[in-house]
Amino acid sequence: QQNYKYVTKINILPVISEFSDYLSYVNSRMQFSVMQEFNNGKKHVPYLQVSYVGPKGFKYNIGYENNSEDNKLSYSGFGVTCGSRKYLSEALIGYYFAPQLSYFRYISYKTETSDDLRTRIYDLTFSLITGKQFVKNSGFTVDIYTGVGFSYKNYLDFLKGSDTDYSNYHGIGVRPYMGFMMGYSF
């Protein structure tokens, strides 16, 4: 195996689901990410991930009548994630464990017109991720992972078309992770 300095990857399964105490809902949204790992010669490898949230999502309210048209949402926003992976064998290769911290800022729409803006959301998540990364001699990289995150959300605007004001709501929820990333090591 070569001693790679960096690994750059993109996610292949760009859907995130989360469970929240906010009206007991399950939220699924698309998210596209690019991740960069920095090999510092140790088994602890820092990384940085930049993400685009959107364009589509779906909210399922547990225990309520779910009209599929009302629960289809559009998302638009960005986020950043940083953390450090602890590899068990050698840096950038094999099984790892990673605590990470993510911050997202995005808006959620019922439709794509600005008149139907539902809410602006700030999202802070602490996650514990585990997985395995494979690196071929050519540099081709595959990363399979799973984990769980604990999310804190701050809803900033009135939810239009609703009798409830969510402008002061601070939601706490759980975000499960299961993913697949592909990239290149150099």
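I started at Leu92, which sits in the loop between strand E5 (72-87) and strand E6. Helices (H or I, at least four residues) and strands (E, at least two) are DSSP runs, numbered from the N terminus. Before going on I noted that this is a predicted model, where local features need pLDDT of at least 70, side-chain atom pairs count only at pLDDT 80 or more, and totals for chains, interfaces and linings use all residues. Residues are numbered from 1 along each chain as its sequence is written, and side-chain values use heavy atoms, with hydrogens and water left out.

Is Leu92 buried or exposed? I got 2% relative accessibility, so Leu92 counts as buried. My cut-offs: buried means under 20% relative accessible area, exposed over 50%, and partly exposed in between (1.4 Å probe, protein chains only). I also checked the backbone, and phi of Leu92 is near 75 degrees, a positive value in a residue other than glycine. Most residues other than glycine have a negative phi, and most peptide bonds are trans. I then found a cis peptide bond, from Gly54 to Pro55, with omega near 5 degrees. Pro55 lies in strand E4.

Next, the overall layout. I counted 1 helix and 9 strands, and along the sequence the pattern reads β-β-β-β-α-β-β-β-β-β. Of the 186 residues, 45% are buried. I also looked at contacts (heavy atoms within 4.5 Å): of those with a separation of 6 or more, 63% are between residues 24 or more positions apart.

Then I went looking for cores. A nonpolar core is a set of buried Ala, Val, Leu, Ile, Met, Phe, Trp, Tyr and Cys residues joined through side-chain atoms within 4.5 Å. The largest one has 16 residues, and Leu92 is among those with the most contacts inside it, as are Val45, Tyr87 and Tyr96. Strands E4 (44-61), E6 (94-109), E7 (117-135) and E9 (170-185) each give two or more residues to this core. Another core, of 8 residues, lies apart from it and includes Tyr25, Tyr106, Ile121 and Tyr155. In soluble globular proteins, nonpolar side chains tend to be buried together.

What does Val45 touch, leaving aside its neighbours within four places in sequence? I found Leu92 again, along with others including Phe38, Arg85, Tyr87 and Ala91. Arg85 itself lies over the face of Tyr96, at 3.9 Å from the ring centre. A charge sits over a ring if NZ of Lys or CZ of Arg is within 6 Å of the ring centre and within 35 degrees of the ring normal. I found the charged end of Arg29 over the ring of Phe104 too, 5.5 Å from its centre.

On to ring pairs. Rings of Phe, Tyr and Trp (its six-membered ring) pair if their centres lie within 6.5 Å; planes under 30 degrees apart count as stacked, over 60 as edge-to-face and the rest as tilted. How many aromatic pairs does a search of the whole structure find? I got 6. In one of them, Tyr6 and Phe186 have ring centres 5.5 Å apart and planes at 35 degrees, so the pair is tilted. Tyr6 is in strand E1 and Phe186 in the segment after E9, 180 residues apart. Tyr6 counts as partly exposed at 35% relative accessibility, and Phe186 does at 46%. Another pair, Tyr75 with Tyr106, is edge-to-face, with 5.7 Å centre to centre and 65 degrees between the planes. Tyr75 is in strand E5 and Tyr106 in strand E6, so this pair ties together parts that are 31 residues apart in sequence.

Asn11 lies in strand E1 (residues 6-11) and counts as buried, at 13% relative accessibility. I looked for polar contacts, meaning a pair of N or O atoms within 3.5 Å; within protein, one must be able to donate a hydrogen and the other to accept it, and residues adjacent in sequence count only if both atoms are side-chain atoms. The Asn11 side chain reaches the backbone oxygen of Gln31 at 2.7 Å and the backbone nitrogen of Ser33 at 2.8 Å. Ser185, in strand E9, is buried at 1% relative accessibility. The side chains of Ser185 and Thr141 are joined by a polar contact of 2.7 Å.
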